[in-house]
Every structure is written in C-alpha cells, then in structure tokens.
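Good morning, and thank you for making the time.

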Amino acid sequence: MSFESVRQIANADLPTRWGHFRIHGFEGVIDHPESCNADLPAPLKRIETAVALIMGDIYAEPPIVRIHSQCLTGDVFHSLRCDCHDQLHLALARIADEGAGILLYEQQEGRGIGLMAKLRAYELQDQGLDTIEANEQLGYEADYRHFELPAEILKYLKVPAVRLITNNPDKVSSLESAGITVVERLSAAIPSEPTFERYLQTKHEKMGHLVG
C-alpha cells in the first residue's frame with residue numbers, strides 16, 4: 001500500500017485530563033488500495049485519516065510515540081473484552097509524565113475490518129472462537145492494519161527517530177521499513193483481566209505480540 005499524498009488538514013489546541021496537547025488532523029490518499037474483503041472490488045482511491053496528539057518538544061530527543069488503533073468499544077465504552085482502553089490511557093499518562101510525545105490515533109477499528117464486522121466477530125467469540133478464528137470465519141485476515149500512515153505523519157512532522165510504546169512487533173518493523181528509527185521499544189503491557197486473558201494469549205501465540 002502506498003500513499004499518493006499525505007496532508008495536514010487541521011491543527012488545534014486540545015486540553016485533556018493529562019495536560020495540553022495540540023491535535024493535528026491528517027488525511028492520506030491511497031492509490032489503488034486493496035479491499036479488506038476479497039469478494040468486493042477495491043476502489044481506485046481511498047482516503048485514510050488519523051490524528052496526532054502532540055505534547056511538548058518532540059525534537060530535543062526521540063519522542064515517545066504510541067500508534068493506537070481506534071477501538072470504540074474499549075476507548076469509549078471501556079469494554080473489558082480487550083486491553084485497548086488501558087493501553088490508550090497508559091500511553092497518554094506516559095507522554096504526560098515525560099512532558100513530550102506523540103499519540104497517533106488511526107481509524108482502524110477491529111484491526112482494520114470495521115466496527116460492524118468486529119461486532120459480528122464478537123458474536124462468534126461468544127460461541128467459543130478466539131479473536132483470530134472469528135475474523136477468519138467472517139472471511140477476513142487476522143489483521144488488516146497497515147502502519148504506513150503513522151510513518152508518513154512522522155516524516156511530515158520531521159521526526160526521524162522514536163521511542164515506541166507497543167507490544168506489536170509489526171509496528172516496529174513497519175516504522176523501520178519506512179525509514180523511522182525505533183531507538184527503544186517501551187512496553188504497552190497492562191494488568192490482565194479474566195475477561196480478556198484469552199484475547200491477550202491469542203495475540204501472543206498467534207500474532208507474535210510481546211508480553212512485556
């Protein structure tokens with residue numbers, strides 16, 4: 001997947017519980033994108049959006065960065081089916097503690113399959129399937145996410161190196177492949193809950209996510 005163009009479309013003040021950020025809106029145009037469903041034709045162009053929450057001086061040293069995929073159920077409703085909400089708050093708190101950093105928030109609900117498909121996958125998980133098996137039964141891959149847009153945003157911001165908060169090795173390799181140096185990986189591990197213990201185990205065993 002390649003971007004024909006990436007541009008900033010907004011830049012505003014954003015006071016939060018963790019302190020003051022600037023919120024930047026970005027839009028990337030993908031030329032000849034792939035469809036996430038093999039039965040549907042891919043559009044000739046697709047627009048992908050993300051926001052960057054920026055705090056402090058991100059140029060004095062490689063800043064802390066978190067690439068976070070949208071999770072309505074977790075981020076908004078505080079669902080305990082996943083660790084997304086706690087990881088988001090962990091990242092915001094870590095950035096605030098450091099006084100500088102970037103949170104890149106992508107609209108890639110359900111590892112890229114979309115909200116309605118994610119809810120259908122939840123139904124299958126209620127019947128005993130794990131998060132990967134549910135996606136595959138619906139005709140999707142385990143993970144449709146791509147992290148090229150966060151890399152392009154970092155390039156736009158002229159940030160060549162980062163300290164990345166993640167348990168997902170694909171995020172590290174995606175940034176490195178795009179020319180962004182990951183000088184340090186910071187753990188995004190949070191205390192497990194019985195309601196998402198199997199979810200974390202599946203991500204570790206089937207997707208290679210790190211546990212610390």
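A residue is called buried when its relative accessible area is under 20%, exposed when that area is over 50%, and partly exposed in between, with a 1.4 Å probe and protein chains only. This is a predicted model, in which local features need pLDDT of at least 70 and side-chain atom pairs count only at pLDDT 80 or more, while totals for chains, interfaces and linings use all residues. Residues are numbered from 1 along each chain as its sequence is written, and side-chain values use heavy atoms, with hydrogens and water left out.

Let me start with the aromatic residues. Rings of Phe, Tyr and Trp (for Trp, the six-membered ring) pair if their centres lie within 6.5 Å; planes under 30 degrees apart are stacked, over 60 edge-to-face, and the rest tilted. Across the whole structure, the search returns 1 aromatic pair. It is formed by F26 and Y156, and it is edge-to-face because the ring planes stand at 80 degrees, with the centres 5.3 Å apart. F26 belongs to strand β2 (residues 19–31) and Y156 to helix α5 (residues 148–156), so that distant parts of the chain, 130 residues apart, are linked. Helices (H or I, at least four residues) and strands (E, at least two) are DSSP runs, numbered from the N terminus. F26 counts as buried, at 1% relative accessibility, whereas Y156, at 41%, counts as partly exposed.

I turn now to helix α3. Which residues of α3 are buried? They are A117, K118, A121, Y122, L124 and Q125. Taking contact as heavy atoms within 4.5 Å, the buried residues of α3 pack against α1 (72–76) and α4 (131–137). Just after α3, G128 adopts a positive phi of about 120 degrees.

Finally, consider T131, which lies in helix α4. T131 is buried, its relative accessible area being 7%. Its side chain makes a polar contact of 3.0 Å with that of R111; such a contact is a pair of N or O atoms within 3.5 Å, where within protein one must be able to donate a hydrogen and the other to accept it, and residues adjacent in sequence count only if both atoms are side-chain atoms. Beyond its neighbours within four places in sequence, T131 is in contact with R111, Q125, Y199 and T202.
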